[in-house]
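Here are a few exercises to work through with the model open beside you. Try each task before reading its solution.

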Amino acid sequence: METAVHNTRAMANPYKAQVGEFGIPISDEQYKELRSYAVDHGIHITGFRNYVGDIETIKIIIDDISEIARDFPKILDVRFGVVLELDFDMNDDDFATTDSGHIIHLNAMYFCRLDRLKEVYAEAVKNGDFVAGTDWRGIGRHETGHVVANYYHIDPLSLIMDMLNMKSKSEIFYRLGKELSIYSAAYNDGREIISESFSGYYSKVGNAIADEFVNRCLAARKEGEQDEGL
Ligand SMILES: [Zn+2]
């Protein structure tokens, strides 16, 4: 779930050649249905011709992105919007990543095997890695948080410093690791604070830090809109 551009594409691709091992890809009709569903929601999809699984899984992710876009409409209004890409060349370290600020890569190893994804995600939640109470749908919400940060120019670190009224980064990250999730404290620049907060807030798990953080993002968004109107 990190944002760094992954460099695995140039390397030998152990997965794409094995699409067949995931099972039989969706039919043309199912692909067209999924594509229209995405287009109707203002989202571009790519890589899903080889999707193995129930297209309802991807529709749920599209619905979850749309729900966030109702609060942060700019993510779909701008020219490039949100791109959802199914990737067969990611290693198993990440469920998903966001690059270029708006391209959400879903790891086919997991999203073509929803049962496995649910299991591995639940295990990570149990370890405290991700927000308590979230399930696999937290992943799409997490990545959409990165997209919001990009299009709304939100600096998660200064926002959390202000919110917690704390100046020491190490104390902030210690608290986040305990009260939000271990992963929210993974990067010193605070990039995972907004994504983990979006996961918690939109999964409605009642995490106090996540809820207040997203409420502050909503308030910042409104101030921005007022500024633009002046
Ligand atoms: Zn992330």
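**Exercise 1.** How close do the axes of helix H2 (residues 28-40) and H3 come, and at what angle do they cross?

*Solution.* Some ground rules before the steps. This is a predicted model, where local features need pLDDT of at least 70, side-chain atom pairs count only at pLDDT 80 or more, and totals for chains, interfaces and linings use all residues. Residues are numbered from 1 along each chain as its sequence is written.

Step 1: Helices here are DSSP runs of H or I with at least four residues, numbered from the N terminus. The H2 and H3 axes come within 10 Å and cross at roughly 5°.

Step 2: classify the angle. Under 35 degrees counts as roughly parallel, over 145 as roughly antiparallel, 65 to 115 as roughly perpendicular and the rest as oblique. H2 and H3 are therefore roughly parallel to each other.

Step 3: list the contacts (C-beta atoms, placed from the backbone, within 7 Å). From H2 come Gln30, Glu33, Leu34, Tyr37 and Ala38, which meet Ile55, Ile58, Lys59 and Ile62 in H3.

**Exercise 2.** Now do the pair H7 (residues 137-151) and H10 (residues 191-202).

*Solution.* Step 1: their axes come within 7 Å and cross at roughly 130°. That makes H7 oblique to H10.

Step 1: pick out the contact residues. Val148 and Gly145 are among those on the H7 side, with Ile194 and Phe198 among those on H10.

**Exercise 3.** Which residues touch the most other members of the largest nonpolar core?

*Solution.* Step 1: collect the core (buried Ala, Val, Leu, Ile, Met, Phe, Trp, Tyr and Cys residues joined through C-beta atoms within 7 Å). A residue is buried if 20 or more other C-beta atoms lie within 10 Å of its own, exposed if 12 or fewer, and partly exposed in between, with C-beta atoms placed from the backbone.

Step 1: in this core of 55 residues, the answer is Leu84 and Val148. Helix H3 (residues 55-71) gives the most to it, with six residues.

Step 2: Domain 1 (16-127) and domain 2 (151-225), with bounds from an automatic or database domain assignment, both contribute residues, so the core lies between them.

**Exercise 4.** Is Asn165 buried or exposed?

*Solution.* Step 1: find Asn165 in the loop between helix H8 (156-164) and helix H9 (169-179).

Step 1: count neighbours. Asn165 has 6 C-beta neighbours inside 10 Å, so it counts as exposed. Its phi is near 50°, a positive value in a residue other than glycine.

Technical notes: Helix = DSSP H or I, 4+ residues; strand = E, 2+ residues; numbered from the N terminus. Axes fitted to C-alpha atoms, helices over the stretch in contact; angles between N-to-C directions. Contact = placed C-beta atoms within 7 Å.
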